[in-house]
Amino acid sequence: MAKASKGHLARAERLQGATGALATAAMAAMDEKLPWFGKLSAQDRSWIGLVAQSGITAFVDWFRDPEEHSSMPIRMFGSAPREFTRVISLHQTVDLLRTTIEMIENTIGDLLPPEDVPVVREAMQRYAREVAFAAATVYAQAAEMRGAWDARLEALVVDSVIRGEADESVRSRASALGWTGAGTTGSGEVTVVVGRAPESEPGSANVADVVRHAAREAGADALCAMQGDRLVVVLGGTSKPVEIVQNLAQWFGPGPIVVGPVVKDLMAAVTSARAAIAGLRAAPAWPAAPRPVQADELLPERSLSGDGHARRQLASDVYGPLTIGGGVLLDTVSAYLDSGGSIEATARAMFIHANTVRYRLKRVGEITGYSPLNPRDAFTLRVALALGRLLNPEPGSSVL
């Protein structure tokens, strides 16, 4: 490497002597030309002042020997704390650089001999390009760190929801991730969706970003997390979650996608999560299930797989109402199921008219939401009757 000439070194020394005046002028120019700068706190302005002073000092060192100090443009940002990238945006940083360069170009003629000015201005233009690239690198690294932190925080929030540990601190953390729970519809209702993680995706960050974006495009808020081979999505702001999930299905892995029941808010989301997870575990028992499928559509499979909540729900909401009024509807649907779904055989067994059977079966569908004439509903009714009898409720009472 060739040594710098004595004239160049002398020029660098003169520039060194002007750094104090240049730093003061830079801060004054920022305050005058950038309206947002004056609104920053004294501490934030102090940080920016350190960066500006460091940048000018680094320029002098670089000007003296560009090869030896080639890393100066990146090192100059080391004088600011990590929070610097949160205080001002990359666009604002570019404004700062532009203002500082303009100030130096306008001031350097008053601080240096005329023969130094063209050389320093040319060097400043080259250095400014390096600083711009360095700033972009700093902000890119900060964005990666924030992304990694946000992913961990999001996973923590989703895990708290599933564990039933959602409280005000969880709500606050969710808000820090942009969660409002209202989507674009203004609804505060929440649903938990569970399915298999995509097999070809090596990491969870990209999947979570895509699912979150797709959910918001469909009008809902979303929190996403990978839990082993399971993808969990908490949807907020929609009363029609199945329609939203249909737009998200392509981002799940193969197999069932289970949509938990809608609950009032994030604090109650554990109820939806519990049902969705139980539904995912039981879904293989219904190969023809739609995709996505609601957890309540899997009540018989969930009860058979050991889900106590599903058992109590079937016994209370399906079997219990059929015991009211002397159990006429219960006896009729039981006889209908035992006869293999024959209305005529049911009528003969009960010594009643076939139209009476039809009427009672219609009432069963109206009361329970499950029509005995539908094969899938008939299966649910049969499981509900068995569970209700096992729990042995009093006639006309609700099963707890």
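The model described here is predicted, and its secondary structure comes to 17 helices and five strands. Of the 400 residues in the chain, 47% count as buried. Among the contacts in the chain with a separation of 6 or more, 69% are accounted for by residues 24 or more positions apart.

- When residues up to four places away in sequence are not counted, Thr332 touches Thr346, Met350, Val357, Arg360 and Leu361.
- Just after α14, the residue Gly340 takes a positive phi of about 80°.

**Helix pairs**

- Helix α15 (residues 343-350) and helix α16 (residues 354-368) have axes that come within 8 Å and cross at roughly 105°, which means that α15 is roughly perpendicular to α16.
- In this pair, α15 brings Ile343, Glu344, Thr346, Ala347 and Met350 to meet Ala354, Val357, Arg358, Arg360 and Leu361 of α16, and by class the residues of the contact divide into six nonpolar, one polar and three charged.
- For helix α13 (residues 308-322) and helix α17 (residues 375-391), the axes likewise come within 8 Å, with a crossing angle of roughly 95°, so α13 is roughly perpendicular to α17.
- On the side of α13 the contact is made by Arg311, Leu314, Ala315, Val318, Tyr319 and Leu322, while the residues of α17 that take part include Thr380, Leu381, Val383 and Ala384.
- Sorted by class, the contact of α13 with α17 has eleven nonpolar, two polar and two charged residues.

**The five-stranded sheet**

- Five strands form an open sheet in the order β2-β3-β1-β4-β5, and their pairing is mixed; the edge strands, each of which pairs on one side only, are β2 (221-227) and β5 (293-294).
- Strand β1 (residues 190-196) and strand β3 (residues 230-236) run antiparallel and are joined by seven bridges, whereas β1 and β4 pair in the antiparallel sense over three bridges.
- Val193 has a bridge partner in each of two strands, namely Val233 in β3 and Val259 in β4, and the bridge partner of Arg196 in β3 is Arg230.
- Six of the seven residues of β1 are buried, so this strand is largely enclosed by the rest of the structure.
- Helix α11 (residues 269-282) lies across β1, β3 and β4 (257-259), and runs at about 25° to β1.

**Nonpolar cores**

- The largest nonpolar core has 34 residues, of which Leu15, Leu22, Met30, Phe37, Phe59, Phe63 and Ile108 touch the most other members.
- Two or more residues of this core come from each of α1 (6-17), α2 (19-33), α3 (42-64), α6 (90-111) and α7 (117-163), and α3 gives the most, with eight residues.
- Phe59 is in contact with Leu15, Val120, Ala123, Met124 and Tyr127, once its neighbours within four places in sequence are left aside.
- A second, separate core is made up of 31 residues, including Ala166, Ala273, Ala276 and Ala283.

- Gln53 is found in helix α3, and it counts as partly exposed because its relative accessibility is 45%.
- Gln53 and Thr19 are 34 residues apart along the chain, and their C-alpha atoms are separated by 7.8 Å.

Key
Residues are numbered from 1 along each chain as its sequence is written. This is a predicted model: local features need pLDDT of at least 70, side-chain atom pairs count only at pLDDT 80 or more; totals for chains, interfaces and linings use all residues. Side-chain values use heavy atoms; hydrogens and water are left out. Contact means heavy atoms within 4.5 Å. A nonpolar core is a set of buried Ala, Val, Leu, Ile, Met, Phe, Trp, Tyr and Cys residues joined through side-chain atoms within 4.5 Å. Buried means under 20% relative accessible area, exposed over 50%, partly exposed in between (1.4 Å probe, protein chains only). Helices (H or I, at least four residues) and strands (E, at least two) are DSSP runs, numbered from the N terminus. Two strands pair if DSSP finds at least two bridges between them. Axes are lines fitted to C-alpha atoms, for helices over the stretch in contact, and angles run from 0 to 180 degrees between N-to-C directions. Angles under 35 degrees count as roughly parallel, over 145 as roughly antiparallel, 65 to 115 as roughly perpendicular and the rest as oblique. Ala, Val, Leu, Ile, Met, Phe, Trp, Tyr, Cys and Pro count as nonpolar, Asp, Glu, Lys and Arg as charged, and the others, Gly among them, as polar.
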